[in-house]
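Morning, everyone. One structure today, in a few minutes. Please have a look at it first.

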Amino acid sequence: MDVVKSILNSEIERINRTEGRDGKARLNVEFFVNHPWLCLAMLVGYIAVGIVMYASPYMGLGWFAGFTVFLLFMAAMLLLEIKPTYRYEDIGVLDLRVCYNGEWFFSREISSEAVSTLLSSGAVDNRFKTHVKSIVEHKGSIDFYDVYDLARRYEPPTKASGNVQVA
């Protein structure tokens with residue numbers, strides 16, 4: 001299991017490095033670049049709402065300023081992009097972390113170099129290798145969870161203590 005864990009960790013580090021996954025918030029202006037006409041239509045809608053708010057007797061400049069501040073705040077929040085870092089500890093964990101970074105371990109495939117390293121390692125169980133070959137043959141690739149699950153399945157049993165408890 002330690003060999004498999006180290007191979008998966010190096011693969012995860014490679015993915016995090018190549019995709020720039022560091023968990024930091026960044027401004028993403030891709031929406032403006034990809035949808036300029038939609039942005040222009042939203043600006044026209046904002047101006048129309050502003051005219052109505054300013055012209056109505058029960059609203060006025062104060063409400064218009066509040067509406068503008070709220071709109072700018074929401075636009076800034078929606079333009080933030082966070083690329084969460086993948087971690088070995090998150091594989092197979094289904095809790096609130098899934099809301100943040102998804103179930104990436106089901107959809108991300110391990111590189112062929114990592115698979116060949118797994119298959120060529122002498123410290124890996126032969127049944128594990130056979131199962132990995134079978135998955136790659138049938139699916140064409142293998143994802144992180146498949147390797148993680150197989151490693152747990154073929155992990156050698158831990159040494160039991162000399163104490164036996166009878167129920």
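Which residues form a nonpolar patch on the surface? Leu27, Val29, Phe31, Phe32, Val33, Leu38, Met42, Phe70, Phe73, Met74, Met77 and Leu80, with about 1100 Å² of accessible area together. Patch residues have over 30% relative accessible area (Shrake-Rupley, 1.4 Å probe, only the protein chains shown as cover). Nonpolar side chains are joined within 5 Å.

A word on the source. This is a predicted model, with pLDDT of at least 70 needed for local features and 80 or more for side-chain atom pairs, while totals for chains, interfaces and linings use all residues. Numbering starts from 1 along each chain, and side-chain values use heavy atoms, without hydrogens or water.

Back to the patch. α4 gives the most, 4 residues. Helices are DSSP runs of H or I, at least four residues. Met77 sits in α4.

A pocket is an open set of 1 Å grid points where a 1.4 Å probe fits, with protein on both sides within 12 Å along at least five of seven lines; lining atoms come within 4 Å of a point. Of 13 lining residues, the closest to the centre are Phe32, Met42, Leu43, Leu71 and Ala75. By class, 12 are nonpolar, 1 is polar and none is charged. α4 supplies the largest share, 6 residues.

Last, the record. An unreviewed UniProt entry lists residues 31–55 and 61–80 as "transmembrane region". Residues 31–55 are 96% helix here. Residues 61–80 are 90% helix.

Technical notes. UniProt positions are given in the numbering used here, feature names are shortened, and annotations may be inferred rather than shown by experiment. Helices (H or I, at least four residues) and strands (E, at least two) are DSSP runs, numbered from the N terminus. Ala, Val, Leu, Ile, Met, Phe, Trp, Tyr, Cys and Pro count as nonpolar, Asp, Glu, Lys and Arg as charged, and the others, Gly among them, as polar. Patches are made of residues with over 30% relative accessible area and no salt bridge: like charges are joined within 9 Å, nonpolar side chains (Val, Leu, Ile, Met, Phe, Trp, Tyr) within 5 Å. A salt bridge is a side-chain nitrogen of Lys or Arg within 4 Å of a carboxyl oxygen of Asp or Glu.
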